[in-house]
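Please look over the sequence and structure shown here before reading on.

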Amino acid sequence: MTNSRVTGARESPAPAVPTVPMPPPAARFRDLLAAEWLKLWSLRSTPWAYLIAALAVIGFNVGQAYDTYRYWTMENTADKARFVRDGIPLAEAFTSNAASILMLAAGAIGAVTVVGEYGTGLIRTTFAAVPARRSVLAAKAAVLAGVTTALGALIAAVSFFATQAILAGRDIGVSAGHPGALRVIVASALLTPVSALVGMAVGALLRQMGTTMVATFVTLLILPLVVSPGRYWSALLAHALPYSAWQRLTEVGSPVVAYPWSQAGAWTVYGAWALGAVVLAVFTVDRRDQ
Amino acid sequence: MIEVKDLTKRFGATTAVKDLTFTVRPGRVTGFLGPNGAGKSTTLRMILGLNAPTGGSVTVGGLAFRDRPRGLRHVGALLDAGDVHGGRSAAAHLAVLARSNRIPRRRVDEVLAEVGLAGAAGRRRVGGFSLGMKQRLGIATALLGDPPVLLFDEPLNGLDPEGVLWVRGLFRRLAGAGRTVFVSSHLMSEMENTADELIVIGRGELIAAESLARFAARGSGAGVTVRTPRPAALAEVLTAAGGTVSQDGPLLAVTGLDASRIGDLAGRHALPLHELTPRTASLEDAFMKLTADSVEYATGDAGESR
C-alpha cells in the first residue's frame with residue numbers, strides 16, 4: 001500500500017457513484033441533429049449573421065426594383081414595352097448582385113460551422129464525445145442545409161413579393177403564378193444551402209478561417225468571372241458552377257447564347273455541388289488526425 | 001482499463017511516441033508523467049482516437065475508442081481546457097454534448113454543481129472564464145457521461161489551492177468507486193499527493209510503469225546522513241559492512257545501509273554518533289534523474305539532477 005490515504009479510500013463505505021454504469025442507450029442520429037441544432041442557436045452570432053445576410057440580399061433586390069419604379073416615367077413608351085416583353089420585372093425579383101451577396105454570406109455561414117470548431121479546439125471535445133466523426137459531419141451538414149434552405153426560402157420569397165409589389169406601382173409587377181416566377185424563387189432559395197455546404201466543405205478541408213474564406217469566395221464568385229460562356233471548353237466549365245446554374249435557372253425569356261444548356265442540367269449542378277460538398281466534408285474529417 | 005500496446009506515432013520525421021506499452025488499471029489514480037514534449041498529449045489523443053497511431057494499438061475497456069459510436073459514457077476526458085467555443089455558456093456547451101450522447105439535460109446541472117459552476121457562472125459565456133474556471137468546465141465535461149474511464153491532461157493548471165485540493169479529492173473518490181483515472185502532468189510534485197501508480201515517459205518512450213512507492217524507492221539520493229567526531233573510522237566500518245560512504249568533514253553520506261544498521265555498527269565499535277538522519281529521496285529527485293536524459297527542451301542546467 002502506498003500511503004494511508006489510499007487505504008482510507010479503499011475502506012470507505014459504498015461509493016456514491018455506481019461502479020458499473022448502466023448499459024448505454026443505442027446511438028441515434030437524431031441526437032446528433034438535435035445537438036447540432038442546439039450548437040447553432042446557442043451562439044449569439046447566429047441570428048445576427050442570418051438577419052444581416054437576409055437584409056443585405058433583400059436590400060439589393062428592393063433597391064433595384066425601387067430604382068426601376070422611380071425612373072419609370074422617364075422611359076419612353078418603346079423602352080417600357082421592351083422592358084416588359086423581355087421579362088425584366090421578373091428578373092428584378094432576384095438580381096445577380098443579390099445572388100453574389102447571398103453566395104458570399106451563405107458560404108461564410110457554412111464555413112464558420114466547421115472552422116469555428118477547429119479554431120477554438122472545440123472539435124476535439126466534439127469528437128471525444130462522438131467518435132463517429134462521419135455522423136457528426138453528416139448531422140452538421142443536414143442541420144446547415146435545413147436552416148439555410150429555410151433562410152434562402154424566406155429571402156427569395158420576401159424579395160419576390162417586395163420587388164413585385166414595388167413594380168406593381170407602375171403596373172408591371174408579376175404574380176407568383178407568372179411563368180417562371182416559381183423557378184426564380186426556388187433557384188434563388190436553393191442557392192443558399194448549396195453555397196453554405198460548399199463553404200462547409202472548404203472549411204473542413206482547410207480548417208483555418210482566412211484561407212477558408214478566400215478559397216470559398218474564389219470557388220463561388222471568382223471562378224464564374226474567369227470562365228467565358230463564348231468558348232466551348234470554358235462554357236463547359238462555366239456550366240459546372242453553381243453561380244452559372246443560378247443564372248441559367250433565373251433566365252427570363254430566351255436569350256441567344258453560344259452554348260445553350262437545359263434547366264435540368266442546371267438543377268443537376270446544384271445537386272452535384274451539394275452532394276459533393278457533403279461527401280468531401282464527411283470523408284476529409286474522418287481520415288485526418290484532429 | 002486502458003491497454004496501450006507497442007504504440008508508435010510519427011509526425012513526418014519526428015517520432016512523438018515510440019513502442020509504448022502499458023496498462024492503466026481501474027480503482028487507482030494513475031499519474032502520467034514526463035517532461036514537456038515527452039509525448040503525453042499525443043498518447044492521450046491516440047487513446048481517444050483523435051490521432052491515429054502509426055503503429056501498435058490502444059484499447060479502452062477492450063475496444064478501440066473510435067469503434068464506439070458515442071464516447072461520453074465510456075471515457076470522460078479533459079484534454080485542453082481551451083477546447084470550447086468562447087461564445088457559448090458553460091451550460092449550453094454541456095447541453096450540446098449531453099444531447100449528442102443521449103444524456104438527460106438534468107445531468108448538466110448536476111456536473112456544474114459538482115465542479116462549482118452552478119447558477120450564474122454556468123450561464124456566463126465561456127470566453128470570459130479564467131483558466132481555473134475553464135479547467136472546472138473541462139472536468140464537468142469529463143464527468144458528464146458518468147464514465148468508468150477518465151482522462152485528464154494537466155488538470156491542475158490554473159487552479160487555486162482550494163481547487164487543487166478539490167481535484168485531488170475528486171480523483172481519489174473516482175478511483176475509490178472503481179473507476180480508471182489517468183492524469184498527466186509534467187510536475188512530479190502534483191502527482192506525489194494524487195497518484196497510486198505512475199507511468200513515466202520521456203521522448204516518447206516508456207521510462208517507468210510502477211507504483212508510486214516503488215518509484216520513490218529507486219530515488220537516487222536515498223540514504224542516511226551521519227555526523228560523527230570520528231568520521232574516518234566509522235567510514236571504514238560502514239564500508240566493510242557493505243555500505244557506500246562519501247565523507248565531507250564530520251559528515252558521512254551513506255547509502256546501502258539503513259539508519260538502524262548504522263547505529264548498531266557504530267555502537268558495536270564504540271564510535272560516537274552526533275546525528276543519524278535517514279534521507280528519503282524526494283520523488284522530484286527520482287523523476288529528474290530518470291528523465292534527465294530525455295528532456296526535449298533542455299535549458300543550460302536542466303540536464304543535471306538536483
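What follows covers confidence, the contact between the chains, and then selected parts of each chain.

This is a predicted model. Chain A averages a pLDDT of 90, and 92% of its residues score at least 70. Chain B has eleven helices and 13 strands. The contact between the chains takes 38 residues from chain A and 44 residues from chain B.

**Confidence in chain A**

- Over residues 1–20 of chain A, pLDDT stays under 50.
- For that stretch the model has 19 contacts beyond four places in sequence.
- Where pLDDT is low, the predicted coordinates should not be read in detail.

**The contact between chains A and B**

- Chain A gives 38 residues to the contact, and chain B gives 44 residues.
- On the side of chain A that touches chain B, the elements giving two or more residues are helices H1 (4–11), H2 (29–41), H6 (96–120) and H7 (122–129) of chain A.
- By class, that side of chain A has 20 nonpolar, ten polar and eight charged residues.

**Helix H7 of chain A**

- H7(A) is mostly covered, with eight of its eight residues buried.
- The buried residues are A:Leu122, A:Ile123, A:Arg124, A:Thr125, A:Thr126, A:Phe127, A:Ala128 and A:Ala129.
- Within chain A, the buried residues of H7(A) pack against H6 and helix H8 (133–168).
- In chain B, they pack against strand E5 (75–78), helix H2 (90–100) and helix H5 (131–143).

**Helix H9 of chain A**

- Helix H9 of chain A covers residues 181–206, which is 26 residues.
- From first C-alpha to last, H9(A) reaches 38 Å, close to the 38 Å expected at 1.5 Å a residue.
- H9(A) is mostly covered, with 21 of its 26 residues buried.

**Chain B overall**

- The C-alpha trace of chain B spans about 75 × 45 × 40 Å along its principal axes.
- Chain B has 306 residues, and buried residues make up 47% of them.
- Take the contacts in chain B between residues at least 6 apart in sequence: 69% join residues at least 24 apart.

**The three-stranded sheet of chain B**

- Three strands of chain B form an open sheet in the order E2-E1-E4, with antiparallel pairing.
- Strands E2 (14–24) and E4 (55–60) of chain B stand at the edges; each has a single partner strand, so one side of each is left without a neighbour in the sheet.
- Neighbouring strands of this sheet are turned by 20° against each other on average, direction ignored.
- Strand E1 (residues 2–11) of chain B pairs with E2(B) in the antiparallel sense over seven bridges.
- B:Glu3 has B:Thr23 in E2(B) as its bridge partner.
- B:Arg10 has B:Thr15 in E2(B) as its bridge partner.
- E1(B) and E2(B) form a hairpin with two residues between them.
- In the turn, B:Gly12 has a positive phi of about 60°.

**The six-stranded sheet of chain B**

- Six strands of chain B form an open sheet in the order E5-E6-E7-E3-E8-E9, and the pairing is mixed.
- E5 and strand E9 (205–211) of chain B stand at the edges; each has a single partner strand, so one side of each is left without a neighbour in the sheet.
- Neighbouring strands of this sheet are turned by 15° against each other on average, direction ignored.
- E6(B) and strand E7 (residues 180–185) of chain B pair in the parallel sense over five bridges.
- B:Val149 stands opposite B:Thr180 in E7(B).

**Helix H1 of chain B**

- Helix H1 (residues 40–47) of chain B lies across E1, E2 and E4 of chain B, at about 120° to E1(B).
- H1(B) also lies across strand E3 (29–33), E6, E7 and strand E8 (197–202) of chain B, at about 150° to E6(B).

**B:Pro155**

- B:Pro155 lies in the loop between strand E6 (149–153) and helix H6 (161–176) of chain B.
- Is B:Pro155 buried or exposed? B:Pro155 counts as buried because it has 27 C-beta neighbours inside 10 Å.
- Leaving aside neighbours within four places in sequence, B:Pro155 is in contact with B:Leu78, B:Gln135, B:Ile139, B:Val167 and B:Val183.
- B:Val115 is 40 residues from B:Pro155 along the chain, and their C-alpha atoms are separated by 13 Å.

How values were computed: Residues numbered from 1 in each chain as written. Chains lettered and ligands numbered in written order. Predicted model: local features only at pLDDT ≥ 70, side-chain atom pairs only at ≥ 80, totals over all residues. Helix = DSSP H or I, 4+ residues; strand = E, 2+ residues; numbered from the N terminus. Expected span 1.5 Å × (residues − 1). Buried ≥ 20, exposed ≤ 12 C-beta atoms within 10 Å, placed from the backbone. Contact = placed C-beta atoms within 7 Å. Nonpolar A, V, L, I, M, F, W, Y, C, P; charged D, E, K, R; others polar. Pairing = 2+ DSSP bridges. Axes fitted to C-alpha atoms, helices over the stretch in contact; angles between N-to-C directions. pLDDT = per-residue confidence, 0-100.
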